[in-house]
Amino acid sequence: MQLFYAPDIRPPYHTLSEEESKHCIRVLRLGRGSRVHLTDGRGTLHVCEIDQADPRSCRVRVVETLREFEKMPYRLTMAVAPTKNPDRFEWFLEKATEVGVTEIIPLDAAHSERRIFKAERGEKIITAAMKQSLKAYRPRLQPLTPLREAILRPFEGRRLIAHCAPALNPAGKSFLPRTLRPGEAVEIFIGPEGDFSPEEVALALENGFEEITLGPQRLRTETAALVAVVMVAAANG
């Protein structure tokens, strides 16, 4: 299956961008009548046939439309501080998209070592990962957001914060896989290399967050974030 991203598609016809037209006709060597798939990134998958095999302006005709294609049975928002090495955070964006995530919020925290985030490049990485993993849902990528703003923003669901310091709540931290409930909406905060500050964790708890642990291992930021994504996916079957 060859998947192309077309957020503005309006059946029955659609013309691919020049870049994707070239990839479709010259790289993949597809011709008139060949089948391709297009998604709007919002859950709709269109089965199409190439109508005009032009490498600069390839036009396709929609022959079948599938709604909510492979929709995840849960919603997951990952709020993660970008790493000092941007390649590591970009790796997380790619892998989280492949596994399954609804929204990603890059965080600007007190101990952040990187306070610049190239959103345009991040969007391209997410789009490429969505197409490569044949998904019809494209994760939303938010701009770099101050931690306090991210904590105070409304969210309908459970909010969890992972950190390495001892728990501030007398009840202690919950092990993420044991606290998850299938089908729920979850937001998970993962801190920078220097972890969240005690004041940041306290602010999160004051606003309804639960403290969690991902296990006894010492994980890099991007590893911890991906482990959390995988744990949520596994809990939802």
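**Close-up views of helix packing, core and sheet**

**View 1. Helices H2 and H7 are therefore roughly parallel (angle under 35 degrees) to each other.** Helix H2 (residues 86–99) and helix H7 (residues 221–235) pack at about 5°, with axes 9 Å apart. Axes are lines fitted to C-alpha atoms over the stretch in contact, and angles run from 0 to 180 degrees between N-to-C directions. Helices are DSSP runs (H or I, at least four residues), as are strands (E, at least two). The contact (heavy atoms within 4.5 Å) includes Trp91 and Phe92 of H2 and Leu226 and Val229 of H7. Its residues divide into nine nonpolar, no polar and three charged.

This is a predicted model: local features need pLDDT of at least 70, and side-chain atom pairs count only at pLDDT 80 or more, while totals for chains, interfaces and linings use all residues. Residues are numbered from 1 along each chain, and side-chain values use heavy atoms, without hydrogens or water.

**View 2. The largest nonpolar core has 31 residues.** Such a core joins buried residues (under 20% relative accessible area, 1.4 Å probe) through side-chain atoms within 4.5 Å. Leu76, Phe92 and Leu176 are among those with the most contacts inside this core. H7 gives the most to this core, with eight residues. Leucine 176 touches residues including Leu160, Ile188 and Met231.

**View 3. Five strands form an open, mixed sheet in the order S1-S3-S4-S5-S2.** Two strands pair if DSSP finds at least two bridges between them. The edge strands are S1 (3–5) and S2 (13–15). Three bridges join S1 to S3 (residues 35–39), and these two strands run parallel. Tyrosine 5 has threonine 39 of S3 as bridge partner.

Technical notes:
Angles under 35 degrees count as roughly parallel, over 145 as roughly antiparallel, 65 to 115 as roughly perpendicular and the rest as oblique. Ala, Val, Leu, Ile, Met, Phe, Trp, Tyr, Cys and Pro count as nonpolar, Asp, Glu, Lys and Arg as charged, and the others, Gly among them, as polar. Buried means under 20% relative accessible area, exposed over 50%, partly exposed in between (1.4 Å probe, protein chains only). Lists of a residue's contacts leave out its neighbours within four places in sequence.
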